[in-house]
Amino acid sequence: MSTITLPARADRKVTLVWILAIWTFALFGFGADISRFLHETPPPPPILLLHGAFSVLWLGLVSTQVVLAETGDIRLHRKLGWWTVAVAAAMVPFGVVAAMVDMARQVGHPDFAPQFLGEEFQDIFAFAVCTTAGVVTRKTRADHSRFMVLAALALADVGPGRIATNLVNAAPASPLAVWATFYWGTALVLAGMIAWDLVKHRRVLRATLFGAALLWGGEGVVSVLFFSPGWKAAMAGLVRAWGWAG
């Protein structure tokens, strides 16, 4: 991967803070859900475990890349860059398959909610777009680092969503409540990125602006679709056509 410039002084260390926030959400969110997950009957199929392993690997690689960029080891950063991209490319189909398998496992259960696939697909789409943008802008440090954080943030709503549903027992009854339940963590990090840009750069940088529009726009759409009978029926039909539960 082509060499990138070192971070601008105004952005020193803040990328580490954003990545740490994403790790915190992931650890607390999955920590709140791990007992249920490990004691499910039947147990989770291998495809879900593999998807989880790839997700952790990718986030670990991105975190390593951030540390390398911040410490100036651009040579190793460049070498690991394409490995990070390769894992990201695998995560997109893995994510779709995992979402469909997990939903197929819930058919017949009282809490079967096929409309939630909208949230899953939105995350995967935003992840793919932000990762691609991160590769395209790899020679521009400010944009590149933000797009890679945004790619991680696109998947990070899983943690805050689990915190809300497992610790607070949130049961959203409106599109706004759906957005607040599943995307409150995303909103906090995005708000922090926007505030940082305004304070340090006196404007919202293009990567942050693009990411906020992509994530908040997509999240708003799927939050509305969550209560659409037509969308729910379409997703239920998709799950039935898929059939495979791992």
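Trainee: Leaving aside neighbours within four places in sequence, which residues is V62 in contact with?

Mentor: Contact here means heavy atoms within 4.5 Å. On that basis V62 touches I19, T84 and M148, its neighbours within four places in sequence being left aside. Before we go on, this is a predicted model, where local features need pLDDT of at least 70, side-chain atom pairs count only at pLDDT 80 or more, and totals for chains, interfaces and linings use all residues. Residues are numbered from 1 along each chain as its sequence is written, and side-chain values use heavy atoms, with hydrogens and water left out.

Trainee: Where does V62 sit, and is V62 buried or exposed?

Mentor: V62 is in helix α2. Helices are DSSP runs (H or I, at least four residues), and so are strands (E, at least two), with numbering from the N terminus. For burial, look at relative accessible area: under 20% is buried, over 50% exposed, and in between is partly exposed (1.4 Å probe, protein chains only). V62 has 3% relative accessibility, so V62 counts as buried. For a sense of scale, V62 and K232 are 170 residues apart in sequence and 35 Å apart in space, C-alpha to C-alpha.

Trainee: How do I check the length of α2?

Mentor: Work out the expected span, 1.5 Å times one less than the number of residues. Helix α2 (residues 46–71) has 26 residues and should span 38 Å; the end C-alpha atoms are 37 Å apart, which agrees. Just after α2, G72 takes a positive phi of about 90 degrees.

Trainee: Which residues touch the most other members of the largest nonpolar core?

Mentor: In soluble globular proteins, nonpolar side chains tend to be buried together. A nonpolar core is a set of buried Ala, Val, Leu, Ile, Met, Phe, Trp, Tyr and Cys residues joined through side-chain atoms within 4.5 Å. The largest one has 33 residues, and I22, W58, F127, L150, L153 and L215 touch the most other members. Elements giving two or more residues to this core include α1 (14–38), α5 (141–156) and α7 (175–201). The biggest contributor to this core is α5, with nine residues. Apart from it lies another core, of seven residues, A99, M100, M235 and V239 among them.

Trainee: What does L153 touch, not counting residues up to four places away in sequence?

Mentor: L153 touches I22, T186, V189, L190 and L215, with that exclusion. Follow T186 next: T186 lies in helix α7 and counts as buried because its relative accessibility is 2%. Apart from neighbours within four places in sequence, T186 contacts L153, D157, L215 and E219.

Trainee: At what angle do α3 and α9 pack?

Mentor: Axes are lines fitted to C-alpha atoms, for helices over the stretch in contact, and angles run from 0 to 180 degrees between N-to-C directions. Then sort the angle: under 35 degrees is roughly parallel, over 145 roughly antiparallel, 65 to 115 roughly perpendicular, and the rest oblique. The axes of α3 and α9 are 10 Å apart, at an angle of about 95 degrees. That makes α3 roughly perpendicular to α9. On the α3 side V97, M100, V101, M103 and A104 meet L238, V239 and W242 of α9.

Trainee: How many residues of each class does the contact of α3 with α9 have?

Mentor: Ala, Val, Leu, Ile, Met, Phe, Trp, Tyr, Cys and Pro count as nonpolar, Asp, Glu, Lys and Arg as charged, and the others, Gly among them, as polar. The contact of α3 with α9 has eight nonpolar, no polar and no charged residues.

Trainee: And how do α4 and α9 cross?

Mentor: The axes of α4 (residues 117–136) and α9 (residues 229–242) come within 10 Å and cross at roughly 80 degrees. Therefore α4 and α9 are roughly perpendicular to each other. L117, G118 and F121 of α4 make the contact with W231, M235, L238 and V239 of α9. By class, that contact of α4 with α9 has six nonpolar residues, one polar and no charged.
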